[in-house]
Amino acid sequence: MINVKNEKEIELIRESCRIVKETLDFVGKNIRAGMTTKQVDELVYRYIISCGAYPSCLGYEGYPASACVSVNEVVVHGIPSDRVIMDGDIVSVDITAQKNGFHGDACRTFLIGNVSEEKRKLVKVTEECFFKAIEGLQEGTPLYDIGYAVQTHAEANGYGVVRALVGHGIGREMHEDPSVPNYGKKGTGMRLKAGMTICIEPMINMGTYKVNIDRNDGWTVTTADGKPAAHYENTVLIKPDGVEILTL
């Protein structure tokens, strides 16, 4: 069921998204080589709590942390641990905050120290995929135009587009309808409605699009070929004549 938000609900989502954006800015200023991914998670927890909000991921279906911190070959859902972040790593930090009953969600991939040009390009193109996806996006746009734009740009650069995981609606629940794939046929899918809030989140692999899910923890998603992946996400409000990026 597609949940179209009213003005009051949008304002509450906007507040949660502001907290998410500020938290990621805070992480970006403090993340560095030598930290563990668990220390990054602690930064996220402290900041979100200080804003009077709660990290939505903590305890979600048993997830044990406040953030997903994914290094290099980890695509998404990296569980914070004693893994040390090294110079040259790329680290995706994906967070969701809940305040007043509504969620905001975003992810950034951070460059740590002396990152190779190959990895830098991957991160840059992944971010570009998001902005390609919102070009011309408005009420009435077919849903799969989003994935078509992401897929076209990523594959033009020789990258794999993850299919096993998708973006999603967001609001009172962290994950709502509709699913928002990063691939698809232009001109197909439901027509977007003004007042919808969705998370558009390109997950792009340097090599194959195929991924593996860790059988031991049930969360960690890695590239099937061990090559790096990048992730960029924002919560977006669909408007009659465009979009508003709520986490920027």
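**Helices, pocket and backbone**

User: In helix α2, which exposed residues are carried by the face turned away from the buried side?

Analyst: This is a predicted model. In α2, the residues T37, V40, D41, L43, V44 and I48 are buried. They cover an arc of only 155° around the axis, which puts them on the same side of α2. The face of α2 turned away from that buried side carries the exposed residues R46 and S50.

User: How far apart are the end C-alpha atoms of helix α3?

Analyst: Helix α3 runs over residues 117-133 and has 17 residues, so at 1.5 Å a residue it should span 24 Å. The computed distance agrees with that expectation, as the end C-alpha atoms are apart by 24 Å.

User: Within what arc do the buried residues of α3 fall?

Analyst: The buried residues of α3 are K119, L122, V123, V125, T126, C129, F130 and A133. Seen down the axis of α3, they line one face of the helix, because they fall within an arc of 165°.

User: Is N72 buried or exposed?

Analyst: N72 lies in the loop between β2 and β3 (74-76), and its phi is near 55°, a positive value in a residue other than glycine. Most residues other than glycine have a negative phi. Since the relative accessible area of N72 is 12% and the cut-off for that class is under 20%, N72 is buried.

User: Is N100 buried or exposed?

Analyst: N100 lies in the loop between β4 and β5 (102-111), and its phi is likewise positive, near 55°. With a relative accessible area of 51%, where the cut-off is over 50%, N100 is exposed.

User: Where is the residue P178 placed?

Analyst: The peptide bond from D177 to P178 is cis, with omega near 0°, while most peptide bonds are trans. The place of P178 is in strand β8 (residues 176-180).

User: Which residues lie nearest the centre of the largest pocket?

Analyst: About 340 Å³ of space lies in the largest pocket. By class, its lining has 11 nonpolar, 5 polar and 4 charged residues. Of the 20 residues that line the largest pocket, those nearest its centre are H77, D94, H168, H175 and E201.

How values were computed. Residues numbered from 1 in each chain as written. Predicted model: local features only at pLDDT ≥ 70, side-chain atom pairs only at ≥ 80, totals over all residues. Heavy atoms only, no water. 1 Å grid on protein atoms, 1.4 Å probe; cavity = no way out; pocket = protein on both sides within 12 Å on 5 of 7 lines; lining within 4 Å. Points joined across faces, edges and corners; volume = space filled by probe spheres on them. Nonpolar A, V, L, I, M, F, W, Y, C, P; charged D, E, K, R; others polar. Buried < 20%, exposed > 50% of the residue type's maximum accessible area, 1.4 Å probe, protein only. Helix = DSSP H or I, 4+ residues; strand = E, 2+ residues; numbered from the N terminus. Arc of directions from axis to C-beta. Expected span 1.5 Å × (residues − 1).
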